[in-house]
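The sequence and the structure are shown first.

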Amino acid sequence: VRLWRPDWYSHRLFHPDERWLFDKTAELHLWAEPGKTDAAGMQYGSLPLYVVSVVKDGLNAVTHMGAHPASIVSGRSVTGVVDALTVVATYLLALQLLGSGWALFAALLSACAPLHIQLSHFFTVDPWLACFATFALAASLRWTRKPSLALSAGIGVLYAAALASKSSGLPLLAPIVLAHVWPIFSPGLTLKERAQRRQLAWQGLAVAAGATLAAFFVFMPWAFLDFHKFYANQTAQQDILVKGSPGGVP
């Protein structure tokens with residue numbers, strides 16, 4: 001149901017944000033320098049645009065349908081696949097908390113959620129954020145039980161992917177930090193064991209932070225290369241969403 005008719009309504013574009021994403025994706029190509037036309041982020045990150053642009057170029061090379069129609073089909077199809085992966089992430093998260101039976105039930109609810117199905121038929125970044133955030137939560141929960149620096153690095157990459165999809169993923173930092181420090185306060189530990197867990201927690205957080213910065217640079221390089229523009233776009237979007245500024249913007 002998430003992949004049904006990505007070219008619905010003959011490629012018409014009624015959502016202004018989706019139209020903006022398609023316009024930017026159509027301009028990006030593997031053989032051209034990316035980033036200068038992607039607004040250095042705005043509220044939407046570069047990662048979805050870069051991924052869809054690669055798929056778009058491949059589809060266009062085979063079908064010769066044109067960059068813009070290929071962007072529409074690719075954007076909506078890839079978003080549908082990403083949202084389907086959220087169902088898997090939901091299962092993995094619930095599996096650790098409640099067991100296989102409830103995990104399957106949680107995955108079923110996620111699979112049938114109308115809002116997820118609806119957003120999967122648009123090239124929107126919200127399903128991307130939800131996917132990476134849910135996987136990050138599942139990985140963070142696993143860290144509390146089987147901590148490892150490799151897992152911390154993976155959590156950092158997932159967090160970077162969430163941020164490079166939409167900046168509203170920033171609060172995900174809180175559960176990631178909480179997961180790393182949670183094992184320190186387990187009952188029944190000796191002072192030595194508690195000290196060892198404290199050291200591993202700080203090491204894990206350092207690795208996660210480094211992985212986040214490195215991956216975010218790969219996923220959204222112009223946030224570093226043109227930080228002034230990136231910050232200005234973030235501020236402008238916040239003004240539109242929170243203050244209704246400039247005047248006349250709904």
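## Helix 1 against helix 2

The model examined here is predicted. In this model the axes of helix 1 and helix 2 cross at roughly 60 degrees and come within 9 Å. The two helices are therefore oblique to each other. The crossing of helix 1 with helix 2 is right-handed.

On the side of helix 1, the contact is formed by Leu 21, Lys 24, Thr 25 and Ala 26, which meet Leu 49, Val 52, Ser 53 and Lys 56 of helix 2. By residue class, this contact comprises 4 nonpolar, 2 polar and 2 charged residues.

## Helix 2 against helix 3

Helix 2 spans residues 47-63 and helix 3 spans residues 67-98; their axes lie 8 Å apart, at an angle of about 125 degrees. That angle makes helix 2 oblique to helix 3. Their crossing is right-handed.

Helix 2 contributes Val 51, Val 52, Val 55, Lys 56, Leu 59 and Asn 60 to the contact, while helix 3 contributes Ala 67, Ala 70, Ser 71, Val 73, Ser 74, Gly 75 and Val 78. These residues divide into 8 nonpolar, 4 polar and 1 charged.

## Val 78 in helix 3

Is Val 78 buried or exposed? Val 78, a residue of helix 3, has a relative accessibility of 14% and so counts as buried, the cut-off for burial being under 20%. Leaving aside residues up to four places away in sequence, Val 78 touches Val 51, Val 52, Val 55 and Trp 128. The C-alpha atoms of Val 78 and Leu 3 are 8.6 Å apart in space, although the two residues are separated by 75 residues in sequence.

## The largest nonpolar core

The largest nonpolar core contains 39 residues, and those with the most contacts inside it are Trp 128, Leu 172, Phe 216 and Phe 219. At least two core residues come from each of helix 1 (16-27), helix 2, helix 3, helix 6 (126-145), helix 7 (149-163), helix 9 (191-219) and helix 10 (222-225). Helix 6 provides the largest share, 8 residues.

Which residues does Phe 219 touch, not counting residues up to four places away in sequence? The partners of Phe 219 are Ser 46, Leu 47, Tyr 50, Val 157, Ala 160, Ala 161 and Ala 164.

Definitions and conventions
Residues numbered from 1 in each chain as written. Predicted model: local features only at pLDDT ≥ 70, side-chain atom pairs only at ≥ 80, totals over all residues. Heavy atoms only, no water. Axes fitted to C-alpha atoms, helices over the stretch in contact; angles between N-to-C directions. Helix = DSSP H or I, 4+ residues; strand = E, 2+ residues; numbered from the N terminus. Parallel < 35°, antiparallel > 145°, perpendicular 65-115°, else oblique. Left-handed = near helix turned anticlockwise from the far one by under 90°. Contact = heavy atoms within 4.5 Å. Nonpolar A, V, L, I, M, F, W, Y, C, P; charged D, E, K, R; others polar. Core = buried A, V, L, I, M, F, W, Y, C linked by side-chain atoms within 4.5 Å. Buried < 20%, exposed > 50% of the residue type's maximum accessible area, 1.4 Å probe, protein only.
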